[in-house]
Amino acid sequence: MCGRLNLSSDPADLADELRLDVVSYDYTPRYNVPPGADVPIVVERLDDEGEVTRRLETAHWGLVPSWAKDPGIGFKAFNARSETVLEKPMFRQAIKRRRCALPIPGYYEWEVTEDGKQPWMMSAAGADPLFMAGLFEFWKQPDDAWLVSTSILTMESAGHLREVHDRMPVILSREHLDDWIDPAVPSGEVPDLLASTLSQVDPASVTRHKVGRAVGNVRNDSPELVAPVA
């Protein structure tokens, strides 16, 4: 499971490295981001001239499929389980055609202990953020504007991350990011793409430390939330 994010760095700083053609994400540092908030996604889409462009966009965290009658359905779809994503009606169209990457500095996870739930900050082990595999969708709002929404793909935890929680986000290597977001992948090849994506996840790309329990309250949002505690 991945249900709270740290968005403390601007993904636009990676514009050159990620070969971004368009940056339309409006960055504000946030340290305790819940589902329903706006998050950054990296996507590849056709522009008005039919050329593929790589874009850093803003998305509502919680997938709202085009057929939904109420956008509130997204609160049930902020994560997509990799084991069932190819079959679930909520996700099966997005996994075929609308895959994205979320550049996230870190996320919080809670370990169940005898003294209650202990929060951990899971961060990128290197200089870059974690690139989480995601899906995105478009939903037409009553005013005819389009809502862009996203869900983070999850898998069974691996390596040292199992010690905290049994689920983790699917983390993309920089090399695999291009393959994952490529909209030209034929639908019939998506199951193989998913399998290869899961196989390349490296838990060593994530480091972790305990943080204070103030992060449990979504009204708290300050740099102190990510500070290590004994």
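Tutor: Let us begin with the covering of helix H3. In this predicted model, the buried residues of H3 are covered by elements that include helix H1 (92–97), strand E7 (99–104), strand E11 (146–156), strand E13 (171–172) and helix H2 (174–181).

Student: Which residues of H3 are buried?

Tutor: Helix H3 spans residues 190–199, and Val-190, Leu-193, Leu-194 and Thr-197 are its buried residues.

Student: What makes these buried residues line one face of the helix?

Tutor: Viewed down the axis of H3, the buried residues fall within an arc of 100°, so they line one face. In general, an α-helix has 3.6 residues a turn, so residues three or four places apart point the same way. On the other side of H3, Asp-192 and Ser-199 are exposed.

Student: Why is the contact between Arg-174 and Glu-17 called a salt bridge?

Tutor: The criterion is a side-chain nitrogen of Lys or Arg within 4 Å of a carboxyl oxygen of Asp or Glu. The N to O distance between the side chains of Arg-174 and Glu-17 is 3.5 Å, and because the limit is 4 Å, the name applies. Arg-174 belongs to helix H2, whereas Glu-17 lies in the loop between strand E1 (5–7) and strand E2 (22–23), and the two are 157 residues apart. The structure holds 9 salt bridges.

Student: What makes Arg-174 and Glu-17 partly exposed?

Tutor: Partly exposed lies between the limits of 20% for buried and 50% for exposed. Arg-174 has a relative accessibility of 26%, and Glu-17 has 44%. Both values therefore place the residues in the partly exposed class.

Student: With which other residue does Arg-174 form a salt bridge?

Tutor: Asp-128 forms a salt bridge with Arg-174, with the closest N and O atoms 2.5 Å apart. Asp-128 is in the loop between strand E9 (116–124) and E10, 46 residues from Arg-174. At 27% relative accessibility, Asp-128 counts as partly exposed.

Student: How do you know that the salt bridge of Arg-98 and Glu-137 ties together parts that are apart in sequence?

Tutor: The side chains of Arg-98 and Glu-137 meet at 3.1 Å, N to O. Arg-98 is in the loop between H1 and E7, and Glu-137 is in strand E10 (residues 130–140), so the pair ties together parts 39 residues apart in sequence.

Student: Why are Arg-98 and Glu-137 called buried?

Tutor: Buried requires a relative accessible area under 20%. Arg-98 has 16% and Glu-137 has 5%, so both are buried.

Student: Why is the pair of Tyr-108 and Trp-110 called tilted?

Tutor: Planes under 30 degrees apart count as stacked and those over 60 as edge-to-face, with the rest tilted. The ring planes of Tyr-108 and Trp-110 stand at 45°, with the centres 6.4 Å apart, so the pair is tilted. Tyr-108 counts as buried, at 0% relative accessibility.

Student: What makes the pair of Phe-136 and Phe-138 edge-to-face?

Tutor: The angle between the planes is 80°, with 5.8 Å from centre to centre; because edge-to-face begins over 60 degrees, the term applies. Phe-136 is buried at 2% relative accessibility, while Phe-138, at 26%, is partly exposed. The structure holds 3 aromatic pairs.

Student: How do you know that the charged end of Arg-208 sits over the ring of Trp-120?

Tutor: The distance condition is that CZ of Arg be within 6 Å of the ring centre, and the direction must lie within 35 degrees of the ring normal. The charged end of Arg-208 sits over the ring of Trp-120, 4.7 Å from its centre. Arg-99 likewise lies over the face of Trp-180, at 5.8 Å from the ring centre.

Student: Which side chains make polar contacts with the side chain of Arg-208?

Tutor: Arg-208, in strand E14, makes such contacts with the side chain of His-160 at 2.8 Å and with the side chain of Glu-163 at 2.6 Å.

Key:
Residues are numbered from 1 along each chain as its sequence is written. This is a predicted model: local features need pLDDT of at least 70, side-chain atom pairs count only at pLDDT 80 or more; totals for chains, interfaces and linings use all residues. Side-chain values use heavy atoms; hydrogens and water are left out. Buried means under 20% relative accessible area, exposed over 50%, partly exposed in between (1.4 Å probe, protein chains only). Helices (H or I, at least four residues) and strands (E, at least two) are DSSP runs, numbered from the N terminus. The arc is that of the directions from the helix axis to the C-beta atoms. Contact means heavy atoms within 4.5 Å. A polar contact is a pair of N or O atoms within 3.5 Å; within protein, one must be able to donate a hydrogen and the other to accept it, and residues adjacent in sequence count only if both atoms are side-chain atoms. Rings of Phe, Tyr and Trp (its six-membered ring) pair if their centres lie within 6.5 Å; planes under 30 degrees apart count as stacked, over 60 as edge-to-face and the rest as tilted.
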